[in-house]
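Dear colleague,

I am handing over the structure we spoke about, and I would be glad if you could look through it alongside the notes below.

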Amino acid sequence: MSGQQFPNQIKAGTTFKFSLNLTAYPASDWTIHAYLRGADAIDMQAEPQGNMHIFNISALVTKEYKAGHYGYSLRAIHTETGEVDELEAGAVEWMKLTAGDLTDLSNQSLTGLIASYQNEH
C-alpha cells in the first residue's frame, strides 16, 4: 500500500466508516483488522462486501472509547493459513465528542423535524 490509508482522526460518538479495496488481499480470502493502542485498547474488524473490506463501527460503540492519541496497526489475516501481513502502521487521534457537536446534531435533528412537518402540512 502506498501512502496512508487509515484516517488520522476519528470522532467519538460518530459512526466510523472506512473502506479498503485491496486487490492483493481479496475479502474472500483475507480479513482486515485495525489494532489501536493508546488511552484504550481498540480492536476493529472489517466486514467483507464483495471485494471490499468495510469498517462500519456504530456511534454507540465509538462514544465509549477514550479520547487521545493512539498508535495503530492495520493488518491482513489470511482466513485459511493464518498468515498475517501488516499493511500500515501509524498514529490516529480519537477525538472527543464536544458539546458543540451535540448542539450541531440537535440543530440538524430539529431542522429535519421542522422540514418533515412542513412537507406533511
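Predicted model: local features only at pLDDT ≥ 70, side-chain atom pairs only at ≥ 80, totals over all residues.

I began with the charged side chains, for which the count comes to 2 salt bridges. In one of them the side chain of aspartate 43 meets that of arginine 37, with a distance of 2.8 Å from N to O. Aspartate 43 is partly exposed, at a relative accessible area of 47%, and arginine 37 is likewise partly exposed, at 42%. The side chains of lysine 63 and glutamate 64 also meet in a salt bridge, here with 3.5 Å from N to O. Lysine 63 counts as partly exposed, its relative accessibility being 47%, whereas glutamate 64, at 53%, counts as exposed.

Phenylalanine 55 counts as buried because its relative accessibility is 0%, and buried means under 20%. Once its neighbours within four places in sequence are left aside, phenylalanine 55 is in contact with Phe16, Lys17, Phe18, Leu20, Ile32, His33, Ala34, Met44, Gln45, Ala46 and Leu74. As for serine 19, this residue stands 36 residues away from phenylalanine 55 along the chain, yet the C-alpha atoms of the two are separated by 6.2 Å.

Terms used:
Residues numbered from 1 in each chain as written. Heavy atoms only, no water. Salt bridge = Lys/Arg side-chain N within 4 Å of Asp/Glu carboxyl O. Buried < 20%, exposed > 50% of the residue type's maximum accessible area, 1.4 Å probe, protein only. Contact = heavy atoms within 4.5 Å.
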